[in-house]
Amino acid sequence: MIEKRISEIISNLSLEEKVGQLNLTGRSPVGGADVTITDMEQMLQMGKISQEEFDSALQDVTIDSQEDDVAAGKIGGFLGYIKPNIIRHLQQIAVEKSKSGIPLIMGLDVIHGLKTVFPIPLAESCSFDDELFEQTAAAAAKESWNIGIDWTYAPMIDIARDSRWGRIAEGAGQDTYLASRYAAAKVRGFQGDDLSKNGNIASCAKHYVAYGACEGGVDYDAVDMSLQKLWNVYMPPFKSAVEAGAVSVMTAFNDLNGIPCTANSYLLKDVLKTQFDFDGVIVSDSMSVEECVAHGYAVDRKDAAGKCIDAGLDMDMHSRCFIDHLCELVREGTISEEVIDEAVRRVLRLKFRLGLFDNPYRDINAVNDPVLAENNRKLAHRAARESIVLLKNNGVLPLLKKKKIAVVGSLADMPYQMIGTWAREDLAIKPVTLFEGINGRTECRYFLDVSEFEAQKENFDFVVVAVGENRAESGEAASRAYIGLSEEDKKLIEIVKQTGKKIITVLFNGRPLAIPEVVEASDAVIEAWHLGLEAGSAIADVIFGDYNPSGRLTVEFPNRSGQTPIYYNHLKTGKPARDFKFSARYQDTSYSPLFPFGYGLSYTEYKYSDLSVVVNEDNITVGVTVKNTGDMDGTEIVQLYIQDVVGSIVRPVKELKGYKRVELATNEEKRVEFIIKKSELCFYDNELNYVVESGEFKLWIGHDSTATLCSEFIL
Ligand code: GLC
């Protein structure tokens, strides 16, 4: 039915109107600058430009919402609008004034929430909680739908092993298995079971592909790798997203093995549209069509437009190369009109799936739904609690509430600097700072100037020190060669250490940091990432024992900046790293990470026993008993790792193949079982055959990737 309606519409469109559907533009061009107003506001939000710089850049801008282009059918969609009345205004022009009456699609980066800001994806991934991944996406979708947004540019599912890359903050960490489960959960959350239902929005799996493998962790830089590494590490989360029903995919800025992803027909046509049978929309990243010229892959914008549409790209975000050149390319015979029609079909299919033809307008009175806001705030609180990872505790935590606490460190009282790289303005509530969270529980005082604290140190029992990165220091265009603490933060900890008070360090950061000196100096270290609106409340819950921390790291922490990339599931080598000079390691630092994948402390202890392994025709059943032997209820994240001992290509030393959140009261024990299908042990061999090979397999089960309880089986 939809396909028939699409064919009818296409048959009545002029070539210009067809190409207009492929044009996704920003909110409005900034006069005189080549940065869109959306980017300008994001840069302001992230502290990358001052208010003065922002105002001066816009002082002579002519705000143009491009109504005429909408009425002429030259625009298929916008990204960046968040004002419901303006969204409605533009949609009415498209539906009621343009000749074709085709509705616009309205996109926005809703990466970790809209009015309710949730923890950054890297933080949330540490919850290992698929149900939470789905719920926060669904919550963000409802808030977005209410203001007229149809399409989010999320989930970001780039595997990231290099902490120098600022965008490690935006994804689910370094593990392919976890990121694949995360991807599917997010797609389900954003899209629901019926995309046309109120409150559901289109997801967009990004950045396709291997963006996180940029050379040296330098954002936007070249990516070069074997196809078997691409398929074994970076491709599976996208396959998982498409299988979960993702209706769009965004191409990455980088090239892959010399061909820009945005113009890469192997990736777009052979893999995505053919092998994965993907029938949704492939959209470029911002300006990446035009950037094929800078890549040296296209001679000019017209050539870039032709190469990208011919490679299978459907929509051009921001660059206007499609709208400026595709008609000419068709008329001169360089591009066939069938290629255009196929892209238009996909865009219209997405708009039909969203129900936009039947229901293009939103009830903009539903924008501020107090019930939704409160439910989402509670969800944000839960998400923040589950994302926190306790990295060190020499017994100082949890604190008793009657203690007197000093709080130092600028990030402790900066509500908008620690909530996350994609947080926007117009939030439902003001974020809860660390200081506010603690101050609500006990006698507490915040010192912006640490010397004032020094002068009054006798009045306090403990010091909570907030250090790390503000939101502008992670995310896009935030690669760093040095990933230790700033000199200022190191000095702060040193001063506090000299007071002799017990130190509880709270890290606000969007990436793993090389912080051995912090760990050494602190009595406790809480990894609080950038946790969104409820950060301060959740951290206080952990400090005072109102929540037993359950988060586990999904990225490894290096000892030194130079010890990255570092990841647990690395390939075997002929000289495995060990306490021996001639082995795979650096001379000047440990060969182990500061904190390993899956690591995280609890206020209780868990004991594992009775490991069993049963192999049958189709799967391997692994069972273990887990007991809470401590004196606090908690949630353990039971992790299963498997090693393929010998393969036709060198295999990883181990790979995560299962995880489960298990709630255990004190002294309670449960039997936990994993059923691993043999197909889950497949890998892509050198000929890219997806195979599971017979032979010996080892397995470990436990608290993190260093678990020692092990067994083996033969296939
Ligand atoms: C940005 C990001 C991408 C985002 C897009 C639209 O440059 O790379 O993740 O979705 O532009 O804002």
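Two strands pair if DSSP finds at least two bridges between them. Strands (E, at least two residues) and helices (H or I, at least four residues) are DSSP runs, numbered from the N terminus. The model is a predicted one, in which local features need pLDDT of at least 70, side-chain atom pairs count only at pLDDT 80 or more, and totals for chains, interfaces and linings use all residues. Residue numbers start from 1 along each chain as its sequence is written, and side-chain values use heavy atoms, with hydrogens and water left out.

**Mixed sheet**

Strand β12 (residues 405-408) pairs with β13 in the parallel sense over four bridges. Within this pairing, Val407 has Tyr446 of β13 as its bridge partner. Both strands belong to an open sheet of six strands with mixed pairing, in the order β11-β16-β15-β14-β12-β13. Its edge strands, β11 (389-393) and β13 (444-447), each pair on one side only. From one strand to the next, the twist averages 20°. Helix α20 (residues 487-498) packs on this sheet and touches β12, β14 (462-468) and β15 (502-508); contact means heavy atoms within 4.5 Å. The direction of α20 makes about 170° with that of β14, where axes are lines fitted to C-alpha atoms, for helices over the stretch in contact, and angles run from 0 to 180 degrees between N-to-C directions.

**Antiparallel sheet**

Strand β19 (residues 634-644) pairs with β20 in the antiparallel sense over nine bridges, and Glu636 stands opposite Val662 in β20.

**Ligand surroundings**

| Side chain | Ligand atom | Distance |
|---|---|---|
| Arg167, N or O atom | oxygen | 2.8 Å |
| His207, N or O atom | oxygen | 2.7 Å |
| Asp285, polar atom | oxygen | 2.6 Å |

Terms used
A polar contact is a pair of N or O atoms within 3.5 Å; within protein, one must be able to donate a hydrogen and the other to accept it, and residues adjacent in sequence count only if both atoms are side-chain atoms.
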